[in-house]
Amino acid sequence: MRILHLDAGKEMRGGQWQVLRLIEGLAAEGVESTLLARAGAPLYTAARALCWRVEPIGLTRAVRMAHQHDLMHAHDAHGHTLAAVVRGTPLVVSRRVAFPIGSKWKYGRANRYLAVSQFVKGVLMQGGVPEEKISLVYDGVPLLEEARGNNVVSPATADALKGAPLAVEAAKLAGVELHLSTDLEHDLREAGIFVYITHSEGLGSGVLLAMSAGVPVVASRVGGLPEVIRHRENGLLVENTAEAVADAIGQLLRDPERARQYGHAARQSVMDHFTIAGMVRHTIEVYHQVLN
């Protein structure tokens with residue numbers, strides 16, 4: 001089986017990490033992949049460093065290469081648009097975002113959609129995509145070494161849909177220093193609490209990464225996050241107010257044993273439901289369903 005992947009992302013965000021993990025997992029299962037990515041972008045550079053087949057993304061190249069592969073897999077909105085123009089090659093699209101769908105024409109083109117959460121599946125259905133064309137495939141993350149620190153960590157991002165300013169405000173109210181991380185895998189080693197505030201979320205791969213390290217999470221009660229965080233079982237869900245976030249941080253600081261229990265349960269949740277092996281296996285199952 002030969003898969004042509006398309007991702008035009010300019011940054012290395014959750015979706016791009018999933019592309020890397022997927023292609024590596026597919027290779028281990030004997031599935032060949034070619035990646036079309038934005039030249040010079042972190043995903044393109046990372047794939048080149050791993051000596052994978054990767055070329056600059058563009059319509060002419062996508063049309064030419066599609067017919068050399070059994071199936072196309074688009075991983076972001078621009079890749080989806082390019083792939084939708086190509087005819088004759090089956091198309092699978094990963095849908096990771098929580099906002100309503102746009103072009104009815106584009107969303108009528110794919111053979112199957114991989115929804116990253118039940119919430120995203122619902123968004124697709126509300127936009128007119130038939131349920132039988134949607135498969136649920138959760139993100140997979142590596143199982144990190146368990147954290148041994150006390151830092152309060154939150155992702156550093158300028159994305160207006162994310163809530164970094166609100167997290168900063170809440171940390172001040174809670175009387176703690178907030179570390180805004182640009183390298184979660186590294187910084188989670190010294191984390192004691194992970195704060196993930198957002199106004200829109202398909203699933204939350206950053207949350208999964210923190211959970212894999214056994215770090216108790218405070219996360220917004222939005223989008224697909226309640227499918228990951230079971231409130232007061234493996235983390236805390238909060239409303240998007242500085243007071244609510246600060247209160248949740250304070251609860252974990254005042255009760256370290258409860259925080260430890262949340263972290264342990266969170267790590268187990270990742271091992272049970274959000275592994276890379278599971279993500280790869282379910283994706284391959286969809287490929288076979290589309291091709292057969």
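Me: How do the residues lining the largest cavity split by class in this predicted model?
Reply: It's a predicted model, and the cavity in question has a volume of about 160 Å³. Its lining has 17 residues, with Gln18, His75, Ser94, Arg96 and Asp139 the closest to the centre. By class, the lining comes to 8 nonpolar, 6 polar and 3 charged residues.

Me: Which element gives the largest share of the lining of the largest cavity?
Reply: Four elements supply at least two residues each: helix 1 (14-28), strand 5 (91-95), strand 6 (112-115) and helix 12 (276-291). The largest share is 4 residues, and it comes from helix 1.

Me: How many cavities of 30 Å³ or more does the structure hold?
Reply: The largest cavity, at about 160 Å³, clears that cut-off. Counting cavities of 30 Å³ or more, the structure holds 1.

Me: Helix 1 and helix 12 pack against each other, so are they roughly parallel or roughly perpendicular?
Reply: Their axes lie 9 Å apart and the packing angle is about 75°. Angles of 65 to 115 degrees count as roughly perpendicular. That makes helix 1, relative to helix 12, roughly perpendicular.

Me: How many residues of the contact of helix 1 with helix 12 are charged?
Reply: On the helix 1 side you'll find Gln18, Arg21, Leu22, Gly25 and Leu26, meeting Ile276, Met279, Val280, Thr283, Ile284 and Tyr287 of helix 12. Gln18 also turns up among the residues closest to the centre of the largest cavity. The contact divides into 7 nonpolar and 3 polar residues, and the charged count is 1.

Me: Which residues of helix 2 make the contact with helix 1?
Reply: Helix 1 passes helix 2 in a right-handed crossing. By class, their contact has 5 nonpolar, 1 polar and no charged residues. Helix 1 brings Gln16, Val19 and Leu20, while helix 2 brings Leu43, Ala46 and Ala47.

Me: Moving on to the second largest pocket, which element gives the largest share of its lining?
Reply: About 420 Å³ of space lies in this pocket. Two or more lining residues come from each of strand 10 (191-196), helix 10 (242-254) and helix 11 (256-273). The largest share, 5 residues, comes from helix 11.

Me: How many of the residues lining the second largest pocket are nonpolar?
Reply: The pocket is lined by 20 residues, with Gly149, Gly192, Pro216, Ala259 and Arg260 nearest its centre. Of the lining, 6 are polar and 3 charged, and the nonpolar count is 11.

Me: Helix 10 also packs against helix 7, so which term describes their orientation?
Reply: Helix 7 (residues 164-174) and helix 10 have axes 8 Å apart and pack at an angle of about 55°.

Notes
Residues are numbered from 1 along each chain as its sequence is written. This is a predicted model: local features need pLDDT of at least 70, side-chain atom pairs count only at pLDDT 80 or more; totals for chains, interfaces and linings use all residues. Side-chain values use heavy atoms; hydrogens and water are left out. On a 1 Å grid over the protein atoms alone, a cavity is a set of points where a 1.4 Å probe fits but cannot get out, and a pocket is an open set with protein on both sides within 12 Å along at least five of seven lines; lining residues have an atom within 4 Å of a point. Grid points are joined across faces, edges and corners, and a volume is the space filled by probe spheres set on the points. Ala, Val, Leu, Ile, Met, Phe, Trp, Tyr, Cys and Pro count as nonpolar, Asp, Glu, Lys and Arg as charged, and the others, Gly among them, as polar. Axes are lines fitted to C-alpha atoms, for helices over the stretch in contact, and angles run from 0 to 180 degrees between N-to-C directions. Angles under 35 degrees count as roughly parallel, over 145 as roughly antiparallel, 65 to 115 as roughly perpendicular and the rest as oblique. Contact means heavy atoms within 4.5 Å. A crossing is left-handed if the near helix is turned anticlockwise from the far one by less than a right angle, and right-handed if clockwise.
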